[in-house]
Structure formats: C-alpha cells, structure tokens
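The sequence and the model are shown below.

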Amino acid sequence: MVLESFQVGAGDVPTVLLHGFLGSGRNLRSLAVAWTQADPRRRILLPDLTGHGTSPALPANADLSTLARDVVDTLDAQGITGAIDWVGHSLGGRVSLAASLHAPERVGSVTLLDIAPGPVPLDLSESGFVLDILLKAPPRADNRRALREDLTGRGLSEGLSDWLLMNLVPDGDGVRWRFDREALLRLHQRVNGEDLWPAVERPVHPPLRCIRGGRSRYVPDASAQRLEAAGCPVALLPDAGHFVHVDSAQALLAWLMA
C-alpha cells in the first residue's frame, strides 16, 4: 500500500522520518527542514502512516509489520531503493524496528526518538489517554471551535486539542474526523503490546541509537540500560518531554548530526 508522503531536501542520503500515533508527516516537517538545511546531503521522506493523515485506511488486523511494509512500498514508489536510515518518533520508532525485522535489506540504521522496544504499559501511554478522549468526542460538529471546546472540556490541553484538530475535514456545513477512531483504537491496543526487543538483541542488527526526554516515561532507566547493553547508545534531553522534536529541537538536531 502506497502512503501519502512528501519529501524535504534533495541530497543523496535518503532518510525516512516517521511520526507518532495520531500524528502525520506534517508533525515532523520543521525537524526535516532544519536537518536538511544543516546537512544538505539528506533527502527526507515523510509519510503519513497507514490510517493516519491522508493515507489509506487501516486494514483489518493491522500491526507494526503492516505499517512497516506500507512504508517500504512507499519508498519503492518514490524510487528510493536499498538500505536507508529510518528515524521514528514513538510509534514511528516502533515501525522502524519492525521494518528492521521484516525488511532488513531496506534498513541501514534505526534512530529511536523517545521510544523503547518493549510493550508499552497502558498506564504509561499518553496516546491512550488522548485516544480515550478522542473516542468520546462527537463524530462531527458544526465547526472546529465546537470540537475544540469538547476536547478541552474533557481535560485535553489546548495544544493537544489543536494538534488533534489538524485531522478534521469539511463535512457539508460542518466538520468531521478524517480518521477511523475505532480502527485506531484496535491498532493502538495491538501495537502497544508488541515486543520488539528481538530487533535489538539479535546477534546482528543495523546500527541503532535512541534519545529520550528527561520528562518522559517512555524510555525508563531499565530499558535504557538494556538498550545500551545491546549496543544501542542512549542519549538524554533533560528538559524534553515525549515530543522531543518540539521541546528540545536544537539539541535534538545536534544529536542527529553527531
């Protein structure tokens, strides 16, 4: 399945940059622009993962390997061949690890942005909290403001509400959600339970690296130590939360360039 995507940069080092759950490629555009300006060798592909943004809907029983295969199909469609660099935030990092297992010939390296390989506990998942509120919101409304008031009234921050509202499309005289919320719930439950440590702890794996936010709980100390023991160096952005590319943009770029 070929995904909706766009490219930033025109260099000869292809890189795929993958967003997190409920996001889209646009969420990482600023990072991609800054990276290609700092390193003109880069050419970065930013897809909307399956079921996200304006990409095709999720098939039944979709899992991380489904999402990874669709990214590979999209690379093929864009004429990007061979092993390339995969960089993923949150869900995007887990998709990158799945790709290294299911399409190893296409993965030259994996960079994890605030995500660990193990199953994500339900009480840890910020995306689960957001999704729960999203599922309680009405399917459509007369305007964006009405849905924004609904989301913030249920306890979502204004910033997260505005981020979710990027997924609204016109519907007659009003607006509706572009994605299938129930399908995303099923995907969330499935992919959060997947164990990707085999991608990291096998005898031979592509070069791996991970960066975590000091205010985030997605890469706990035990996971960081286990990653380091498997040959995956882990860096820390002490002032960042889960959205490391937003909270510590300059420091993240410096680390990516190192």
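The model discussed here is predicted. Leaving aside its neighbours within four places in sequence, Ser96 is in contact with Leu18, Trp86, Val87, Gly88 and Val110. Ser96 has a relative accessible area of 0%, and since buried means under 20%, Ser96 is therefore buried. Its place is in helix H3.

Helix H3 comprises residues 91-102. H3 is mostly covered, with 10 of its 12 residues buried. Among them are Leu91, Val95, Leu97 and Ala98.

In helix H11 (residues 249-257), the buried residues are Leu252, Leu253, Trp255 and Leu256. Seen down the axis of H11, these residues fall within an arc of 160°, so they line one face of the helix. The elements that cover them include those in the following table.

| Element | Residues |
|---|---|
| Helix H1 | 29-38 |
| Strand E5 | 107-113 |
| Strand E9 | 208-213 |
| Strand E10 | 234-237 |
| Helix H10 | 244-247 |

Two packed helices are described by the angle between their axes and the distance between the axes. For H1 and H11, the angle is about 50° and the axes are 10 Å apart. That angle makes H1 oblique to H11. The contact involves Leu31, Ala34, Trp35 and Ala38 of H1, together with Leu252, Leu253, Leu256 and Met257 of H11. The crossing of H1 past H11 is right-handed.

Conventions: Residues are numbered from 1 along each chain as its sequence is written. This is a predicted model: local features need pLDDT of at least 70, side-chain atom pairs count only at pLDDT 80 or more; totals for chains, interfaces and linings use all residues. Side-chain values use heavy atoms; hydrogens and water are left out. Helices (H or I, at least four residues) and strands (E, at least two) are DSSP runs, numbered from the N terminus. The expected span of a helix is 1.5 Å times one less than its number of residues. Buried means under 20% relative accessible area, exposed over 50%, partly exposed in between (1.4 Å probe, protein chains only). Contact means heavy atoms within 4.5 Å. The arc is that of the directions from the helix axis to the C-beta atoms. Axes are lines fitted to C-alpha atoms, for helices over the stretch in contact, and angles run from 0 to 180 degrees between N-to-C directions. Angles under 35 degrees count as roughly parallel, over 145 as roughly antiparallel, 65 to 115 as roughly perpendicular and the rest as oblique. A crossing is left-handed if the near helix is turned anticlockwise from the far one by less than a right angle, and right-handed if clockwise.
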